[in-house]
Amino acid sequence: MDGERIKVLLVEDDGDSRELLAELLEDDFEVTTASDGEAGLRAFEDTHPDVVVTDESLPGMNGTALAQQVKEREPNARVVLVSGYAQVEGADYCDAVLRKPIDVERLSRMVGELGDAARH
């Protein structure tokens, strides 16, 4: 049954936020985490998730640059960008943009829908 769970990669540099979000998403999804864009890209290549949830403001490679790399490697993968800004340059590489503070129920619903779409 675990093989059917949607695989999610959560990329967030704030450790507390990353742990909390991962814990909340793990009820419904198989979750892998990374603390920055470069680690996120390596984790993406290792785990081949259906959905990447990434913060925009990351050290090194930001979320939109990560989204671009993800889409180049796997066009069917879905990306949710999380940002405190209303407009984010480069967000066209993302399938959805969520404003902070994050509504966890909305994020979970979105991940489920995008994960299903990524598999079809």
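This is a predicted model: local features need pLDDT of at least 70, side-chain atom pairs count only at pLDDT 80 or more; totals for chains, interfaces and linings use all residues.
1. **The largest nonpolar core.** This core has 19 residues, and those that touch the most other members are L9, V11, F44, V52, L66, V70 and V79. At least two of its residues come from each of β1 (7–11), α2 (37–47), α3 (63–73) and β4 (78–83). Helix α2 provides the largest share, four residues. A further core of 18 residues lies apart from this one and has I6, L10, A22 and L107 among its members. As a general matter, nonpolar side chains in soluble globular proteins tend to be buried together.

2. **Contacts of V79.** With residues up to four places away in sequence not counted, V79 touches V52, T54, A67, V70, K71, Y93, C94, D95 and A96. Of these partners, V52 and V70 are also listed with V79 among the core residues that touch the most other members.

3. **Serine 83.** S83 belongs to strand β4. Its relative accessibility is 1%, and because the cut-off for burial is under 20%, S83 counts as buried. The S83 side chain comes to 2.9 Å from the backbone nitrogen of Y85. Beyond its neighbours within four places in sequence, S83 has contacts with E56, V88, L98, R99 and K100.

4. **Helix α2 and its ends.** Within α2, the buried residues are G37, A39, G40, L41, A43 and F44. Their cover includes β1, β2 (30–34), β3 (51–55) and α3. At the N-terminal end, α2 is capped by D36, which places a side-chain oxygen 3.1 Å from the backbone nitrogen of E38. After α2 comes H48, with a positive phi near 50°.

5. **Packing of α1 on α4.** Two packed helices are described by the angle between their axes and the distance between the axes. For α1 (residues 15–25) and α4 (residues 104–119), the axes come within 11 Å and the crossing angle is roughly 60°. The pair is therefore classed as oblique. The crossing of α1 past α4 is right-handed. On the α1 side the contact is made by L21, L24 and L25, and on the α4 side by V104, L107 and S108. L107 is also a member of the core of 18 residues.

6. **Points to check in the model.** Which residue caps the N-terminal end of α2? That residue is D36. Is S83 buried or exposed? S83 is buried.

Definitions and conventions: Residues are numbered from 1 along each chain as its sequence is written. Side-chain values use heavy atoms; hydrogens and water are left out. A nonpolar core is a set of buried Ala, Val, Leu, Ile, Met, Phe, Trp, Tyr and Cys residues joined through side-chain atoms within 4.5 Å. Buried means under 20% relative accessible area, exposed over 50%, partly exposed in between (1.4 Å probe, protein chains only). Contact means heavy atoms within 4.5 Å. A polar contact is a pair of N or O atoms within 3.5 Å; within protein, one must be able to donate a hydrogen and the other to accept it, and residues adjacent in sequence count only if both atoms are side-chain atoms. Axes are lines fitted to C-alpha atoms, for helices over the stretch in contact, and angles run from 0 to 180 degrees between N-to-C directions. Angles under 35 degrees count as roughly parallel, over 145 as roughly antiparallel, 65 to 115 as roughly perpendicular and the rest as oblique. A crossing is left-handed if the near helix is turned anticlockwise from the far one by less than a right angle, and right-handed if clockwise.
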